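Visitor: I would like to learn how to read the features of a structure. Could you take me through one?

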Amino acid sequence: MNYSINKTDTYHKKELDSLGWELTICNALYKENTVLRRFLGQDESFGRLLFRHLRGFIPVDKLIQVLEIGGGYGYLMRDFLEMNVSIKPTMLDISPFLLERQKEILKGYSVSFAQMDFLDADDYFLRGFELAVMNENLGDFPTVVGLGHDTLGLSSLDTVDPVLKKIIQFFERYGLPRPQCNPFNFNMGAIEAVEKLCTSGIPYIYLGEHSCEASAPENLKHLIKISPSGNPERIPLRGHDEYTIKFSYLEMIAKFYGYNTIRGSFADFIPFDINDRVYYALSSQGRYSDEDEIICQFVEDLYKYEYLLLIRP
Ligand SMILES: C[S@@+](CC[C@H](N)C(=O)[O-])C[C@H]1O[C@@H](n2cnc3c(N)ncnc32)[C@H](O)[C@@H]1O
């Protein structure tokens with residue numbers, strides 16, 4: 001059985017010196033008065049929009065112990081701190097470079113920092129957090145690429161290969177449905193990360209990432225072309241690749257651990273107005289100007305990115 005494992009840990013620990021090459025939605029919305037913010041119903045940043053959305057489901061104004069995993073430049077947490085000054089954040093990141101950036105942007109607040117691969121975090125470390133946030137980073141976690149359906153015919157006792165054994169155990173333990181594609185890719189690291197968060201019993205968990213299962217709503221399908229493959233897809237980036245996420249598997253695992261789940265697209269909390277300008281950009285597929293292309297890409301991303309909110313009853 002031939003497969004490979006896409007990993008990004010060395011890149012994040014040793015090479016990453018900018019997030020400019022993989023402009024995240026959070027970073028794209030951080031600065032005031034930018035083209036993108038003009039197209040939103042409100043001139044707001046990602047973290048503030050997310051915080052308001054979370055208010056509809058969890059007592060985010062009362063939370064104190066918040067863990068952010070892979071916080072990038074720290075913008076989301078800075079927004080959260082502006083909305084709730086009582087938060088005592090812990091920022092866990094694999095990248096020494098980004099942790100330094102987070103220290104700068106969060107200066108003046110009482111914040112703990114931990115340089116660590118989240119997959120190495122133990123139960124003791126995770127104890128006591130009320131909310132865990134993972135935004136736009138599950139795709140960086142190891143993905144097993146090019147698995148054949150023959151893998152799924154095995155039982156975990158049939159193989160000594162530790163990676164295959166682990167994957168088969170995930171299918172067995174959580175009753176994950178067989179993937180349609182053959183070969184298929186498997187977000188092993190993302191699944192381990194969610195399993196770790198759920199077994200630690202953190203009451204609220206927010207996950208957001210580029211999905212391989214997302215589609216545009218019926219009324220916008222003629223303008224926004226997204227075809228969900230259902231199979232984690234490679235996104236080539238500078239110095240590393242990441243993979244889109246199969247959210248249905250993460251949702252099943254959370255439910256297995258007794259969490260209630262709320263799932264949606266980023267468009268649920270990042271409102272935008274389909275005015276004539278946006279309609280024109282979308283219907284021309286962003287062909288006629290750089291600004292049209294930016295609008296098109298952004299609106300498409302709002303539907304390609306999904307979030308999953310896990311709530312322990
Ligand atoms: C694409 S950036 C997203 C940053 C930010 N959350 C945002 O939305 O703009 C990915 C982040 O995850 C971190 N990261 C990647 N793999 C990680 C791992 N295994 N453990 C902890 N952090 C990780 C990176 O260093 C970086 O901060």
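Guide: What follows goes from the ligand to a helix, then to single residues and backbone angles. This is a predicted model, in which local features need pLDDT of at least 70, side-chain atom pairs count only at pLDDT 80 or more, and totals for chains, interfaces and linings use all residues. Residues are numbered from 1 along each chain as its sequence is written, and side-chain values use heavy atoms, with hydrogens and water left out.

Visitor: Where does the ligand sit?

Guide: A pocket is found on a 1 Å grid over the protein atoms alone, as an open set of points with protein on both sides within 12 Å along at least five of seven lines. A molecule sits in a pocket if more than half of its atoms lie within 2 Å of its grid points. Here the ligand sits in the largest pocket.

Visitor: How many residues surround the ligand, and which are the closest?

Guide: A residue counts as near if one of its heavy atoms lies within 4 Å of the molecule. The ligand has 22 residues around it, the closest being Thr 24, Gly 70, Asp 93, Asp 117 and Asn 135. For polar contacts, look for a pair of N or O atoms within 3.5 Å; within protein, one must be able to donate a hydrogen and the other to accept it, and residues adjacent in sequence count only if both atoms are side-chain atoms. In the side chain of Asp 93, an N or O atom is 2.5 Å from an oxygen atom of the ligand. The side chain of Thr 24 has an N or O atom 2.7 Å from a ligand oxygen atom. With Gly 70, a backbone N or O atom lies 2.8 Å from a nitrogen atom of the ligand. The ligand taken alone exposes 590 Å², of which the protein buries 98%; such areas come from the Shrake-Rupley method with a 1.4 Å probe, and for residues only the protein chains shown count as cover.

Visitor: Why is helix H4 described as largely enclosed?

Guide: Buried means under 20% relative accessible area, exposed over 50%, and partly exposed in between (1.4 Å probe, protein chains only). Seven of the 10 residues of H4 (residues 46-55) are buried, so the rest of the structure largely encloses this helix. The buried ones are Phe 46, Gly 47, Leu 49, Leu 50, Phe 51, His 53 and Leu 54. Their cover includes H2, helix H5 (75-83), strand S5 (131-135), strand S8 (204-210) and strand S12 (305-311).

Visitor: Is Glu 44 buried or exposed?

Guide: Glu 44 counts as buried, because its relative accessibility is 13%. This residue is found in the loop between helix H3 (35-39) and H4. Contact means heavy atoms within 4.5 Å. Beyond its neighbours within four places in sequence, Glu 44 is in contact with Leu 29, Arg 37, Leu 49 and Arg 52. The side chains of Glu 44 and Arg 52 are joined by a polar contact of 2.7 Å.

Visitor: What does Leu 119 touch?

Guide: Not counting residues up to four places away in sequence, Leu 119 touches Phe 141, Pro 142, Gly 189, Glu 192, Ala 193 and Lys 196. Leu 119 is in the loop between strand S4 (112-115) and helix H7 (123-126), and counts as partly exposed because its relative accessibility is 22%.

Visitor: Which residues other than glycine have a positive phi?

Guide: Asn 33 is one of them, with phi of about 60 degrees. Asn 33 lies in the loop between H2 and H3 and, at 60% relative accessibility, counts as exposed. Glu 136 is another, with phi near 55 degrees. Glu 136 is in the loop between S5 and strand S6 (143-147) and is buried, with a relative accessible area of 10%.

Visitor: Where is there a cis peptide bond?

Guide: Such a bond joins Asn 182 and Pro 183, with omega about 5 degrees. Pro 183 lies in the loop between helix H8 (162-174) and strand S7 (184-186).

Terms used: Helix = DSSP H or I, 4+ residues; strand = E, 2+ residues; numbered from the N terminus. 1 Å grid on protein atoms, 1.4 Å probe; cavity = no way out; pocket = protein on both sides within 12 Å on 5 of 7 lines; lining within 4 Å.
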